Amino acid sequence: MNQTKRIGILTSGGDCPGLNAILYAALKYAGILGWSIYGIANGTDGFIDIALDRSAPEDMRIDEHSFDIPGQKGMGVLLFLSGSVLGCRGKKERKNQEDELISQGYRKMNLDALIAIGGDGSLEIISQLAQRGNWNLVAIPKTIDNDVPGTERVVGFDTAVEVVSDALYNLTFTAASHDRIMLVQVMGRNAGHLALNAGIAGGADVILIPELVPIINDRVVRETCRKIAHIRQHKRKFALIVVAEGVQGNSKDEPSVEHLKRQLQQYSHSQDGILAPEFYGLGEEMEIRVTILGHLTRSNRPTASDRLLATAFGIKAIEVIAREQDNNFQRMIILQNGQVSDRPLVEVMRELKTAKVYSACASPVDSNGFVAHVARSLDIYLGD
Ligand code: F6P
C-alpha cells in the first residue's frame, strides 16, 4: 500500500450533493498514504487544457487543505459542500479530435490511475476513453436520478430524496390552507426513483413515474380525478400529486405537469354538475397549483447518509488502486447488499447497454419491487 502514486480525479456530468465529500475522503486517505492527487478541472475537458498547454500538470496538484476557508483557521468544507469544486461538465457532444486531445492530456499527466465520478452517461464516455487508451480507471457512480445499473445506490440520491420530500411537506401547509391540489414536478430524467421515494416519504397521494406512466393519457387523468374526488369527499380538501419529469405530456416544450394540470381541469370541469357520485368534489372550485422543483433538488448540503456513502466510495477507490497490480484496470465502486465493493466497469457498461435496448433508462424502477409495493399499500395512486 505504501508505494507512492499519482492519481487524477475528476467530476463529470451534472453535479449533485456529495461530490466534494468523495474528494474529501480521497484526498485525506491519499495524503495518509503519501500519494499525490491531481484535480482535473471540468470533467475530461481538463485533459484538453493540459494537452494544449493551457494548464500545467503540477499546478493541478491538490491536497486535503487546498479548499480550506481562508481566515477560518484551516476549516475544511469539502465534506459538507454541495456542487463540485473541480467543476463538472465538459461538452455533451464531442468531436473525435477532442477525444484524441483528452487522451494526449491523460498521457501527459503521467497518472497511475484516474478516479472519475459520474452518472450513467458520463461514465459510459469515460469508460470508452479508458478502454481505448488503456487507462487505469476507478469510476464512482453519482446522480440524483439513481439510475446507474450495478449498484444499489449512488452518491447524491439520498439528499435529493430529502430535498423533494421536504418540499412536499412544506407545500402541505399552503395546500391545506387553501384547499388546493398541488402538482409537483420532480427531476430524475427517464427514471422515477426520485419521484417515487420522495413521494412516499413526503406524503403524496398520487405519484406518476415514467416506468408506469410513460405518457399522460385519458385513463390516468380520469383515475387521478377519481382519486382526488375520493380524498375530497372522505378525508380532506387538498391533495399532493408528484409527477416525474420523465412522464411525457403533450409536447417537449411544455412541462408535463402543466399538461396534467390542464387535463385535470378540463376533465373535472366537463364533469361538473353531471358527475357520477364518485367524482363529487371536483369542478370549478377545485384549484390546482404547479411547482417545478428543478435544480433546487441538486444543491443542498449532502445528508449524513450521502456523506457516509461518498466518503466510503472515495476510500474504496483509493483501496482499489492500491490493490490492483496490473496495468489497464477499469473498475466501478458499488454498493451491494449494504457493502461497498467494486466490479469491472465493462460489466456494468454491458448491463447499461442491454437495459437501454428495452428502456430509456438504464436502471428503471422495478414496478413490482418493494418501493412500489409500499406506495400501493399506502393507497398512493401510481397510474397503473
Ligand atoms: O441527471 C441529473 C439531472 O438533474 C436530471 O434529473 C435532470 O433531468 C438533468 O440532470 C438536468 O440537466 P441540466 O442540469 O443539464 O439541466
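Predicted model: local features only at pLDDT ≥ 70, side-chain atom pairs only at ≥ 80, totals over all residues.
Five of the five residues of β5 (residues 137-141) are buried, so the strand is largely enclosed by the rest of the structure. A search of the whole structure also finds 21 salt bridges.

**Neighbours of β5**

- In a regular strand, side chains alternate between the two faces of the sheet.
- β5 pairs with strand β4 (residues 113-118) in the parallel sense, over five bridges.
- Val 138 of β5 is the bridge partner of Ile 115.

**Salt bridges**

- Glu 58 and Arg 6 meet through their side chains at 3.1 Å, N to O, in a salt bridge.
- Glu 58 lies in the loop between α2 (45-51) and β3 (61-62) and Arg 6 in strand β1 (residues 6-11), so the pair ties together parts that are 52 residues apart in sequence.
- Glu 58 is partly exposed, at 46% relative accessibility.
- Arg 132 and Asp 99 form a salt bridge between their side chains (3.6 Å, N to O).
- Arg 132 belongs to helix α4 and Asp 99 to helix α3 (residues 96-109), so this pair ties together parts 33 residues apart in sequence.
- Arg 132 is exposed at 56% relative accessible area, whereas Asp 99 is buried at 14% relative accessibility.
- Glu 223 forms a salt bridge with Arg 222, with the closest N and O atoms 3.2 Å apart.
- Arg 222 is partly exposed, at 31% relative accessibility.

Methods. Residues numbered from 1 in each chain as written. Heavy atoms only, no water. Buried < 20%, exposed > 50% of the residue type's maximum accessible area, 1.4 Å probe, protein only. Helix = DSSP H or I, 4+ residues; strand = E, 2+ residues; numbered from the N terminus. Pairing = 2+ DSSP bridges. Salt bridge = Lys/Arg side-chain N within 4 Å of Asp/Glu carboxyl O.
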